[in-house]
Structure formats: C-alpha cells, structure tokens
Amino acid sequence: MSAITARSLHKSYGTITAMDGIDLDVRSGHIFGFLGPNGAGKSTTIKILTTLIPPTSGTVEVLGINAVKHPLEIRKRIGVVLQQPSYEPNLSVEKSLEKYGMMWDIDRKIRKERSEELIDVFDLNEIRKRKNEDLSIGQRRRVQVAREFMHEMDLLFLDEPTVGLDPTARRKLLDYLKSKVKTGLTIFYTTHVLTEAEYLCDEIAVINKGKILAVDSPNNLKNTFGQEKTITIHLLERHDGLSGLLSGISDCIIDFNTGTNITIQSSKSEAVLSQILQILIENNISVEDLSAMPTTLEDIFLKMVKDSNAPNN
Amino acid sequence: MHPTIRLIVRNLTISINPGFLVWQVIFPVIYIFVAGFAYTALIKSVPFGNITLDYPAFIASGMIGFNIMNSTLVSGIIIWNDRRHGMFEQILVGPFTRTNYILSNVYTIGIVGIISAALITAIGFPLFFTSVQFNALTIPFLIFASITGSILFGSIASIISTRLRSSEGFNVIINTVFLFFAFVSTAFYPASGAPQPLATAFYLNPLTYLVDIIRAGIFGTFTEFVMIEMIVLVSIAVALFIVAIRLLTKLDL
Ligand SMILES: Nc1ncnc2c1ncn2[C@@H]1O[C@H](COP(=O)(O)OP(=O)(O)OP(=O)(O)O)[C@@H](O)[C@H]1O
Ligand SMILES: [Mg+2]
C-alpha cells in the first residue's frame, strides 16, 4: 500500500520555484529518506505533505486522502516534527509532554504512561522538571521529537530531526525509529547526513533545486551510481609533465589538485590503476601514499548535486 | 473533548502563571487600596450621573474595566508566542483547524476577562458596597462589559501580535497602546475634573465607554448616554474583531 502518492507537485513563492514537478510514492511501513542540499525544497515538500501549505499545482494523496480537500483527516493520522523548533517556553519538559498528549485527546492514564516511557527513551529524566526555555538547543530538539510519540499515528514526518543531537542521542533516536517502523509506522525523513540515511532508510530520494534526481534503495543507488572508485595518489614531489604522461589513459577522470595530490575517479579502477603505476615507475616518479576507496553514498550525493547544478542541465 | 476546548485548556495552562497572576490580581488590588485611599485626600468625591461616589468606589469600579482590558493581553501574547516558538505551525499540522485555533483564543480571552472582572468585583466590593444599587441590570451589564471589552481589546492585541515579530516591538507597542488607553480614560479619574482637551480625548477611548457601562451597572445610573456608549462599544468591537479574524486567517506560515 502507498502511504504517500504525489504527482507533479509544484510550489512557487513569487518568482522562486521551491518544487519543480515532484513525484513521490512512499510505501507503507517503510522509512523514506529525502536528501538534498540547503534550499533543495525538502521542507517545502514536507509542508505540503503535512497540509500546512497548499501546492501551487499537482496532486497529493497522503494515507489515501486528498491533501488539499481533506487536510484535517490527514492531520489526525500523522505526526510531524518540523525543521524549526517548536516548544512551550514556560512549561517543564514533563508538563509539555503531558499537555501535548492532552491536545491530542489522549486518555490521562495513557498520557502518564507514555510520557514516562518517552522520558526514558529520550534520556530526559535529568531535565524533566526544567522549563523548555531553559534547555539547550539539542535538549529542546529531543523534547520536540519525543513529544510527537505521545499520540498514535500511521505516518511520521521528520524534518532533520537529529540536527543538534549528540552522537548518543542521535543513535538512540534512529534505533527507536527503526523499532517503531517494525510495528507498522511509515516515516518520511529528511536529512543531509548521508550516513544516517544509509543506516535508516529503505528508500532514498535525492532532490536538488526542486527536482528529484534519483529514487532507490541505498544499495541500488550505490550500484547504479557508485561502480566507480576514487583513487588518491600522493607524490613525493611535483612533476610538471605528469598531466601529459597520463593524458592517454581512458575511462577515468583525473584531477591534479595541488600537483602532488592526484585523485582519479573511474569505474574501471583496477585497469586504470595499473596503467598509472606503470607510467609512474617508467618515469621514476616516487609515490608517497596511495589509496583506493569505494565511492560512498556521500560521493554519489555530491556528484549528483554537482551534475544537476551544471549550467547545461 | 472538542478540539477547540483542548486548545482552550492548553491556552489557560500556558498563560496562567505567577507573573500573570501578579499582573492580573495582585497589582489591581494594591492599586485599588493604596491609590484609592491615598487619593481620597485629594479627590473627596466624584459626581457620577445623578449620584456622588467616594473615590475608592470610583477607582475600584474603574479597575474592573482596566482589568478586562489587561486580561486580553493574554491572547496577544499567546498568538505572538505561538508564532515565535513554532507552536502555531505545530498546532496547524495537528488535529486542529485554523478556526479551532482562532476560536480557542477568543474564548480564552472571554474566560480570562470574565474571571478577572468577577475577581476584581469581589475584591472591590467592600469599597463600593455603600453606593451599589443592585438591580436587574447589574449582572447583565457586567457580563456585557466583560464580553464586549474582551473582544474589543483582544482584537487589538491580536492585530498587533500578527503584525509584529520582534519581541521588543511587540512589548513596547502593546504596552504603550494599553497604557495610553488606561490613563486617557475615566478608569482612574473622572472626565468632569479634567481639562477640556483631555476630557474630549477620554471619549475617543473605548476603555472610557467600558468603565461607564460597568459603573452604570453597579451604581444603577443607566441613561440614554450609556445606551449610546453600548452601541458604540459593540460596533467598534465587531469591526476590530472582523479585522483580527481576517488577519489571523491569512497569517503566513
Ligand atoms: N516562505 C518562503 N518564502 C519565499 N521563499 C521560500 C519560502 N520558504 C522557502 N523558500 C525558498 O524555497 C526554496 C526551498 O526551501 P526549503 O526550505 O524547502 O529548502 P530545504 O531543502 O528544506 O533546505 P534546508 O536544508 O536548508 O532546510 C529555497 O530557495 C527557499 O529560499
Ligand atoms: Mg529544510
């Protein structure tokens, strides 16, 4: 079943195009990652999917409900952690959990139990009596994320929830999200932390300038776009004629950087590497250090975004 | 529970705190007693309609109107805080409509206004009980004043809160406006003793109408003029309310 179906979504703010024809199919019970650089249109997409703002054009169905026609029906069944902070400054941590549950019409007894559970999961015990306005940014973010689990939902939207969280809190949250998905929750997750997306998501969409560049599982993305490896060679000293010597090698992109530091990207890395080494040996050029790294999701991401920013694109 | 009621409960929870109680209860009480008795030496009595009031009774009744006005600061503060701290958006992606949100603020002001008015009436009662003319209109007049006054000043506070984002701007403007209303009115001193331009300015101020109506209810001085004041007050309240709702409905996200 599909939790989110969107077709050719456009959103403009005056002359700015924030979303430029976005199609989405998010399956139920999965974690869908939405990756993109600053200003790509991630938050705008979340605002439209959560019915906060209407699209300029296009169609959206969330949980099978038309988002423009029946926004309230959707809102009753989703949880949302927006990118911007949101808190009641003068309520204590435990009280803000409790009141948030009240706003969602959760039974008093269940509210009590849940807030205790969340205080435990999100490590809020030490600060439970402290007012939100007196918390650090990361602590406040933890409360904001924890609060959303006070109510039941079928679909959860998280807009960069881990920004400001320390590594422990971050990992705890990701594992908690994974455990929730096992019980049937669907999650729409935006981030620009690639390792997080890789750890968490079943499917990833890469977006830039309001357009989706690719959608696939992390592994397939790597297989499709990441056959190539990155070879880095450090030379003992600069060698001026080097670019001429290496110019005959095909199937690779060579970047001479500083002259002593060369990176080579190629999908036929082994053949390319042996040719390069041969040339270096023939010309008595000494190598200080050499490494070959499989391309990471981050490299793929950076490359995709760079390619899509290129003027002819 | 209905969504609007849940939001009202939430509004009351976040607004009723020690600072608010001091401002809303302790300050008026101190003012009624200290100023009421201190100024009695200066102002012996105040003619009001066809009766004469002693100054403590005059100021205590004026304080009811002042308090209704002040209590509406609540709505301005809630709306402004909700936008500043992201709760406005959070509520609107929750199980609520914008109408739920707006209505909850209107009701919150009404509730706080009526409770404030009742509280000050009860506390001020010992001061004006000798002059009180209880009649069939007393309670309806007080309730009329609470509701109309709350809507009127609540709309003003809401309009200001939707126009401003910075905290300095909001506090300065809302305090200036309300201070002006308070002191250029008949809440604390009668128009009859004031210089002509000031006395005229009093009657450009809705708080004057509000306290006139409250006094008419308490002291049984209902005249045709009070009737006109009621009509004017309701008209202004309705007009401002419409503007406030328009602005809140269009409030950007
Ligand atoms: N309210 C607004 N008015 C005008 N332009 C806006 C508004 N909100 C967003 N934009 C523009 O729309 C584009 C997409 O913004 P959006 O917030 O969706 O990016 P994002 O992918 O969430 O970025 P980030 O990683 O920085 O959060 C940007 O160019 C931004 O400047
Ligand atoms: Mg964003």
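The model is predicted. Chain A has 313 residues, of which 49% are buried, and its secondary structure comes to 11 helices and 14 strands. Ligand 1 has 14 residues around it, and the protein covers 67% of the 640 Å² of accessible area that the ligand has on its own.

**Ligand 1 site**

- The residues that come nearest to ligand 1 are Gly39(A), Lys42(A), Ser43(A), Thr44(A) and Gln83(A).
- By class, the shell around ligand 1 consists of 7 polar, 5 nonpolar and 2 charged residues.
- Two elements of chain A, β2 (16-27) and α1 (42-49), each contribute at least two residues to this shell.
- The element that gives the most is α1(A), with 3 residues.
- Asn38(A) places a polar side-chain atom 3.0 Å from an oxygen atom of ligand 1.
- For Ala40(A), a polar backbone atom is 3.1 Å from an oxygen atom of the ligand.
- Glu160(A) has a polar side-chain atom 3.3 Å from an oxygen atom of ligand 1.
- These atom pairs belong to a site in which the protein covers 67% of the ligand's own accessible area.

**Ser43(A)**

- Ser43(A) is among the residues that come nearest to ligand 1, and it lies in helix α1 of chain A.
- Its side chain forms a polar contact of 2.7 Å with the side chain of Asp159(A).
- Apart from neighbours within four places in sequence, Ser43(A) is in contact with Gln83(A) and Asp159(A).
- Of these two partners, Gln83(A) is itself listed among the residues nearest to ligand 1.

**Chain A as a whole**

- The C-alpha trace of chain A spans about 80 × 45 × 35 Å along its principal axes.
- Chain A exposes about 15,100 Å², and 49% of this area comes from carbon and sulfur atoms.
- Among contacts in chain A with a separation of 6 or more, 68% are between residues 24 or more positions apart.
- Lys182(A) is found in helix α6 (residues 167-182) of chain A.
- Exposed means over 50% relative accessible area, so Lys182(A), at 75% relative accessibility, counts as exposed.

**Residues with positive phi in chain A**

- Asp123(A) is not a glycine but has a positive phi of about 55°.
- Asp123(A) is in the loop between α4 (108-121) and α5 (137-147) of chain A.
- Its relative accessibility is 43%, so Asp123(A) counts as partly exposed.
- Lys209(A), also a residue other than glycine, has a positive phi near 50°.
- Lys209(A) is in the loop between β9 (203-208) and β10 (211-216) of chain A.

**Helix α7 of chain B**

- Helix α7 of chain B runs over residues 138-163 and has 26 residues.
- From its first C-alpha to its last, α7(B) reaches 37 Å, close to the 38 Å expected at 1.5 Å a residue.
- Because 19 of its 26 residues are buried, α7(B) is largely enclosed by the rest of the structure.

Terms used. Residues numbered from 1 in each chain as written. Chains lettered and ligands numbered in written order. Predicted model: local features only at pLDDT ≥ 70, side-chain atom pairs only at ≥ 80, totals over all residues. Heavy atoms only, no water. Near = heavy atom within 4 Å. Polar contact = N/O pair within 3.5 Å; in protein donor to acceptor, adjacent residues only side chain to side chain. Areas by Shrake-Rupley, 256 points an atom, 1.4 Å probe, with all protein chains shown as cover. Helix = DSSP H or I, 4+ residues; strand = E, 2+ residues; numbered from the N terminus. Nonpolar A, V, L, I, M, F, W, Y, C, P; charged D, E, K, R; others polar. Buried < 20%, exposed > 50% of the residue type's maximum accessible area, 1.4 Å probe, protein only. Contact = heavy atoms within 4.5 Å. Expected span 1.5 Å × (residues − 1).
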